[in-house]
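Reader: Let us go through the terms used for this structure. I would like each label set against its definition.

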Amino acid sequence: MGRVYNFSAGPSCLPEEVLRECAAEMMDYNGTGQSVMEMSHRSKAYEPIIQDAEAMIRKLMKVPDNYKVLFVQGGGSTQFAMVAQNLGIKHKKAAYIETGVWAKKAAAEAKHLGLTVDIIASSKDKNYSYIPRVEKVTGDYDYVYICFNNTIMGTHYEYIPDTGDIPLVADISSCVLSEPLDVSKFGLLFAGAQKNLAPAGVTLVIVREDLIPELEDCLPGTPTMLAYKTHADNGSMYNTPPCYTIYVLGKVLHWIEKNGGAEGMADLNRAKAKILYDYLDKSDFYHATAEKGSRSLMNVPFLTKYSTGATDEESVAKEKAINDKFVKEATAAGLVNLKGHRLVGGMRASIYNAMTIDGVKSLIDFMDKFAAENK
């Protein structure tokens with residue numbers, strides 16, 4: 001089989017151009033006679049790689065000078081703890097907007113670490129199928145936390161909550177650089193790389209400098225490696241960073257720049273999403289699960305007409321059978337990783353930056369054929 005269209009929610013597809021560049025340099029990077037995989041992170045050959053990656057993040061995301069750009073490990077899930085340990089130190093109290101699994105897990109981690117956690121809004125009442133509107137947040141909170149794009153539920157913030165002087169923290173793992181975002185509106189942003197930036201292994205953190213405490217001022221018991229200052233003071237190289245992943249990230253960033261930057265990605269992503277959502281909204285066989293006004297450009301969960309919500313054994317079996325058949329036949333057609341998350345069911349097409357319009361059109365052609373054969 002040749003290259004497939006990979007609709008995985010993460011790790012996701014990477015630009016083919018980047019994969020070819022990495023393959024060409026696998027045995028000999030820039031005349032060094034070695035792969036970046038083998039290279040010392042302290043070497044003169046590697047230093048420009050991580051410096052370029054930071055410079056490109058600053059350029060593409062228009063990061064203000066009073067923010068640090070960090071490359072850390074542990075994925076977005078480790079950030080659930082680091083945010084609380086580093087920011088939740090004055091009042092030991094934080095506000096969370098609960099829009100799905102990841103925001104819920106982040107809130108639980110903060111509570112586990114001893115913070116008072118207020119869920120100031122939630123979309124749990126409709127299985128997290130929309131983003132609640134929170135116009136203004138006030139109170140003695142150390143920070144307000146949101147998950148800007150919800151990978152599982154396929155929802156996305158169409159606005160930025162006004163938190164006044166309270167730092168706003170956002171998990172942007174599944175939407176980073178998919179559209180322009182005003183960094184200055186946030187105290188801290190973080191993103192696991194494996195959706196839009198690189199293979200799994202590195203996490204991007206952008207944090208305002210005044211929010212970085214000394215290690216001794218973090219929550220009691222905070223390990224050295226979980227203090228932002230450790231990484232900020234050492235250029236993200238306190239220990240060995242995920243060198244190869246940062247190298248790929250740099251190449252993806254240059255690919256994004258060549259294709260119009262965040263603005264170019266937004267144009268492409270809106271075009272892809274419009275094609276798919278328009279199809280779903282007109283279909284009598286499929287329907288999108290996320291409500292209009294909250295729909296993600298990156299993750300599109302959808303159900304068939306067999307997904308009635310009924311819980312009797314026969315209905316559940318029928319729904320499972322049609323979903324399994326869809327995924328199996330799609331895979332055979334070169335459209336892979338379309339199985340939906342168990343909390344939503346059905347299917348999910350993740351159409352990150354590297355997914356082409358041709359890929360989305362191929363999916364719709366298959367969906368049309370499948371619907372005709374299974375009505």
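Author: Start with a loop. Pro11 sits in the loop between strand 1 (5-6) and helix 1 (16-24). Helices (H or I, at least four residues) and strands (E, at least two) are DSSP runs, numbered from the N terminus. The model is predicted: local features need pLDDT of at least 70, side-chain atom pairs count only at pLDDT 80 or more, and totals for chains, interfaces and linings use all residues. Residues are numbered from 1 along each chain as its sequence is written, and side-chain values use heavy atoms, with hydrogens and water left out.

Reader: What kind of peptide bond joins Gly10 and Pro11?

Author: A cis bond, with omega of about -5 degrees. Most peptide bonds are trans.

Reader: What makes the phi of Ser236 worth a remark?

Author: Phi of Ser236 is positive, about 65 degrees, and Ser236 is not a glycine. Most residues other than glycine have a negative phi. Ser236 belongs to the loop between helix 5 (228-232) and helix 6 (243-258).

Reader: Why are helix 7 and helix 9 called roughly parallel?

Author: The axes of helix 7 (residues 261-282) and helix 9 (residues 357-374) cross at roughly 5 degrees and come within 10 Å. Axes are lines fitted to C-alpha atoms, for helices over the stretch in contact, and angles run from 0 to 180 degrees between N-to-C directions. Angles under 35 degrees count as roughly parallel, over 145 as roughly antiparallel, 65 to 115 as roughly perpendicular and the rest as oblique. Helix 7 and helix 9 are therefore roughly parallel.

Reader: Which residues of helix 7 and helix 9 meet?

Author: Contact means heavy atoms within 4.5 Å. Among those from helix 7 are Leu268, Ile275 and Tyr279; helix 9 brings residues including Val360, Ile364 and Met367. The contact has 11 nonpolar, no polar and 3 charged residues. Ala, Val, Leu, Ile, Met, Phe, Trp, Tyr, Cys and Pro count as nonpolar, Asp, Glu, Lys and Arg as charged, and the others, Gly among them, as polar.

Reader: Why do strand 11 and strand 14 count as edges?

Author: Two strands pair if DSSP finds at least two bridges between them. The open sheet has 3 strands in the order 11-12-14, with antiparallel pairing. Strand 11 (286-288) and strand 14 (347-350) each have a single partner strand, so one side of each lacks a neighbour in the sheet. Neighbouring strands here are turned by 30 degrees against each other on average, direction ignored.

Reader: How do you know that strand 12 pairs with strand 14?

Author: By the bridge count. Strand 12 (residues 299-304) and strand 14 are joined by 4 bridges, and at least two are required. Pro301 has Arg348 in strand 14 as its bridge partner.

Reader: What makes a space a cavity, and how many are there of 30 Å³ or more?

Author: A cavity is a set of points, on a 1 Å grid over the protein atoms alone, where a 1.4 Å probe fits but cannot get out; lining residues have an atom within 4 Å of a point. Grid points are joined across faces, edges and corners, and a volume is the space filled by probe spheres set on the points. The structure has 3 cavities of 30 Å³ or more.

Technical notes:
1 Å grid on protein atoms, 1.4 Å probe; cavity = no way out; pocket = protein on both sides within 12 Å on 5 of 7 lines; lining within 4 Å.
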